[in-house]
Amino acid sequence: MSAMIVEDLWQSYRDKQARPPTLKLTLADARRRRRRTDRWALRGVSFTVEPGEMLSVIGHNGSGKSTLLRSLAGIYRPVRGKVTVRGRTASLIDLTAGFHRLLTARQNVILGGAIYGLPRTEVLERLDAVFEFAGLKGEEETHLRAFSTGMAMRLGFSIAVAFDPDVLLVDEVLAVGDEAFKLKCLDKVRDLRNDGATVVFVSHELAIVRSLSDRVIVLDEGQILYEGEPDAAIEAYCAHLGVDVETALSRPLVQQQHLDALDSRWGKRRSRRSV
Amino acid sequence: MIAEERSFTPQTKPRGFSWTGFSVRAYWDLLRALVAAQIKIRYGYTAIGLGWALLNPTLQMMVYAFIFGAMFAPEQAHFRMYLLAGLLPWQAFAFTVNGCASSLVNQSDLLKKAPFPSELLPISFVLNAMITLVIVTVCFIGVLIVRDFPVFDAIGWVLVAMVVEAVFLSGMALLVSCMTVFYRDIEQLLSFVVWLWFFVTPILYPLARLNPLERNVVLYANPMSGVVTTMQRALVEGLGPTASLTASACLATLTFAVGWFVFRRLQYELPKVA
């Protein structure tokens, strides 16, 4: 039995900018019932994920990766199609959302756990484990306003993974904190997967994608461009973007594009060092 | 983290309390966590904490008594106590309606982070306001006992009035919070609406001042009137409620039904739009 089945999934967002700007036009358009303009983020995506599989989703910015992950988490209801997910799902989407800087770290963990749907007793039982993993032991009563961004994100990651999820939805969040913690996070994801958890992983870091995943889906404009083995998928993706595979693997692609954009804007070449 | 199979289609309807498949335990635990967090944030960083909930209406009462005392005090026995008995439930109303409007808009990141019963965000404001109201009313009752008012003659009606207010506020909170996501104008409009609403609720003036038509409108078309008059009569005079409380209870139930219905219809759209 598959852990996840996505059948012909369509998702759209309302485009507020496309609304007529004046009251007169708004009224006129309301009469013609043309007020809503939809921007499609996913157009007919279908795939299945087997239990214990690690699937990565890559694609350029705005290709629909995050929308897909939120649909899998059940945050967005499909506009068309059907999504089925089996098992206890942890969504590592926005790690620090819902944290309040005027609450202590401990209070934030309790609130965060409750938002994931965990009973309070279970949260309290695993409180020590959460702080242990985040490397924040002894900081339980510190208010979050005294934490650095990285510390808060580590705490957020630790809450999500401390409760043995069957399905893990990871959105770009392994860019958490310093290198040491990043490796620890990757290890944790690998451990959960070795214990049988299903992982869907969205990332721009192609090197990580290649080393971790069993299968890769390349999204483009809300449709599946390629689905298959990591190496072949990365090749297809790079060919589509017109980027050299070796270059893309040796450094984060976003940073690369960013530098290129800066270069063209300032009209001078910067010295680039690979990370 | 929900331990069951979940399927989502465009036709998926909210089930149980919510569409997220939270267990009843997890649902209450989330509500409790939200309310606790809100109370800690609201009062934990002030020097006198919950004292503000008591001080605010008292200061308001003193200002109103100073300005309108000469006009209304001769007609209304115990004018100051009357004012305070009305200002306490009013404070809960104003806090909830003003506060919950932005409760979903401000938490758009949270709505996109995980599937959870988002109706608890506005509902936590109501609970927060009601807990404050109960504490403040107990303090007020203490003052009334010391000053020899017949508090205990009709104390049960105070509880009834509070339940009616909680139902009404829940409906308002659900309605206002999700409508604000789609029409941001509502948040701006509300401060005026709450201000106007204060004057069509018999807190400041004796009802005898109104002509019969005005009195009927105020008493039977405004859900807050039944709550306020019941609190005033029960606490200050030791009397039972008038028919206005029945009208309030009906309007409160209706408001809750409408709020619940609208919220459930729009709930799926909130993470995308907010």
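How many helices and strands does chain A have? After that, please walk me through the packing of helix α6 of chain B and helix α9 of chain B: which residues meet there?

A: Happy to! Please keep in mind that this is a predicted model, with an ipTM of 0.87 and a pTM of 0.86. To your opening question: chain A has eleven helices and nine strands. Of its 275 residues, 42% count as buried. Among contacts in chain A with a separation of 6 or more, 70% join residues 24 or more positions apart.

Now to chain B, where pLDDT averages 90 and 96% of the residues score at least 70. Your helix pair consists of α6(B), residues 155-182, and α9(B), residues 223-237. Their axes lie 9 Å apart, and the packing angle is about 160°. Because angles over 145 degrees count as roughly antiparallel, α6(B) is roughly antiparallel to α9(B). The crossing of the two helices is left-handed.

As for who meets whom, α6(B) brings Ile155(B), Trp157(B), Val158(B), Ala161(B), Val164(B), Glu165(B) and Phe168(B) to the contact. On the α9(B) side you will find Pro223(B), Gly226(B), Val227(B), Thr230(B), Met231(B), Ala234(B) and Leu235(B). Sorted by class, the contact of α6(B) with α9(B) has eleven nonpolar, two polar and one charged residues. If you want to follow along in the viewer, Glu165(B) is one of the α6(B) residues in this contact, and Thr230(B) is one of those in α9(B).

Definitions and conventions: Residues numbered from 1 in each chain as written. Chains lettered and ligands numbered in written order. Predicted model: local features only at pLDDT ≥ 70, side-chain atom pairs only at ≥ 80, totals over all residues. Axes fitted to C-alpha atoms, helices over the stretch in contact; angles between N-to-C directions. Helix = DSSP H or I, 4+ residues; strand = E, 2+ residues; numbered from the N terminus. Parallel < 35°, antiparallel > 145°, perpendicular 65-115°, else oblique. Left-handed = near helix turned anticlockwise from the far one by under 90°. Contact = placed C-beta atoms within 7 Å. Nonpolar A, V, L, I, M, F, W, Y, C, P; charged D, E, K, R; others polar. pLDDT = per-residue confidence, 0-100. Buried ≥ 20, exposed ≤ 12 C-beta atoms within 10 Å, placed from the backbone.
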